[in-house]
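This report is a first guide to the structure shown below.

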Amino acid sequence: MTTTTTTATAAAGPAAMNVGVPQLCGGAGGGGGGRGRRRRPTDLRWARLLRLAVATRVVRLVWDQLLACSSCGGGGGRYRRLGPPPHGGDVMCPVPIEDDDGGGAGADPDAGEVEDVVGLKVSLLGDCQIGKTSFMVKYVGDDGEEQNGLQMTGLNLMDKTLAVRGARLAFNIWDVAGDSQSIDHVPIACKDAVAILFMFDLTSRCTLNNTIDWHERARKWNKTAIPILIGTKFDDFAQLPLEMQWTIVNEARAYARAMKATLFFSSATHNINVNKIFKFITAKLFNLPWTVERNLTVGEPIIDF
């Protein structure tokens, strides 16, 4: 009995091992168990592609999260988009500027609800009694709601704030009185200004001649501000004989070329080119797609550049 049992077990052993090989090799054919356990080249390529697909999906998810975080921040992002491009860098996203000379001048009633404020300092230089203060008050508004002024001897400061695409532009306007005692205010008025308006009375040629002196004083303290030459009181100038108008127009254009400035004729009384000048400054600072039309017709408000 003992011998028979041992022989049956020995005979069944190879058969049991042959049955177990296909199970371990996953259905591989004969030729030995070592060859059955090797991974085919197709399987290796498939595994690499699968890992690559997973890695790509993870990278995309992380990138989407970074974009979401950068776009849902507070007002700082809007402020950076509004800032002027340093050294010819990225240009700000275009902001439409309406080309009208209405009293609103781009003011936004919701400006007070916006947190970001970009301050733009603008200086007004010129002789006495040429209409600088009237020009500033016409732009800022004399209803007491939009202006926030500070007056001191020889210097008049006013602010005008307007909203642009979720941020506020605050024009800080510095009006320097034109007498000899006020010349000491030129350095502080011109320092850090983004634009300097050199103003003269269109009916007084001597005030035009004096803009050269004002320009030289201003450039000692600020060599980068946008220069603009402005002739005031166009409504009175239009009553002069055409020959005299023609002479003053040519002289003003020559002065503007010498200053490398844009020339505007304006009238605070009739709100001629007042708002347009500040729109021009805004477009110039932020590279906005808005330009003024050149007008050299004698008898009309001149715009030359």
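Which residues have the most contacts inside the largest nonpolar core?

## Nonpolar cores

They are Phe135, Phe171, Leu197, Ile228 and Ile281, in a core of 33 residues. A nonpolar core is a set of buried Ala, Val, Leu, Ile, Met, Phe, Trp, Tyr and Cys residues joined through side-chain atoms within 4.5 Å; buried means under 20% relative accessible area, with a 1.4 Å probe and protein chains only. Helix H11 (274–286) is among the elements that give two or more residues to this core, and H11 gives the most, with 8 residues.

A second, separate core has 30 residues, including Leu157, Trp174, Val176 and Cys190.

## Model and confidence

This is a predicted model, in which local features need pLDDT of at least 70, side-chain atom pairs count only at pLDDT 80 or more, and totals for chains, interfaces and linings use all residues. Residues are numbered from 1 along each chain as its sequence is written, and side-chain values use heavy atoms, leaving out hydrogens and water.

The predictor's confidence in each residue, pLDDT (from 0 to 100), has a mean of 74 over the chain, and 60% of residues reach 70 or more. It stays under 50 over residues 1–36 and over residues 66–114. Where pLDDT is low, the predicted coordinates should not be read in detail.

## Lys121

Lys121 lies in strand S1. Lys121 is buried but has no salt bridge (a side-chain nitrogen of Lys or Arg within 4 Å of a carboxyl oxygen of Asp or Glu). Asp192, the nearest side chain of opposite charge, is 5.7 Å away. A polar atom of the Lys121 side chain lies 2.6 Å from the backbone oxygen of Ile188 and 3.5 Å from that of Ala189.

Key
Contact means heavy atoms within 4.5 Å. Buried means under 20% relative accessible area, exposed over 50%, partly exposed in between (1.4 Å probe, protein chains only). Helices (H or I, at least four residues) and strands (E, at least two) are DSSP runs, numbered from the N terminus. Lys and Arg count as positive and Asp and Glu as negative; His and the chain ends are not counted. A polar contact is a pair of N or O atoms within 3.5 Å; within protein, one must be able to donate a hydrogen and the other to accept it, and residues adjacent in sequence count only if both atoms are side-chain atoms.
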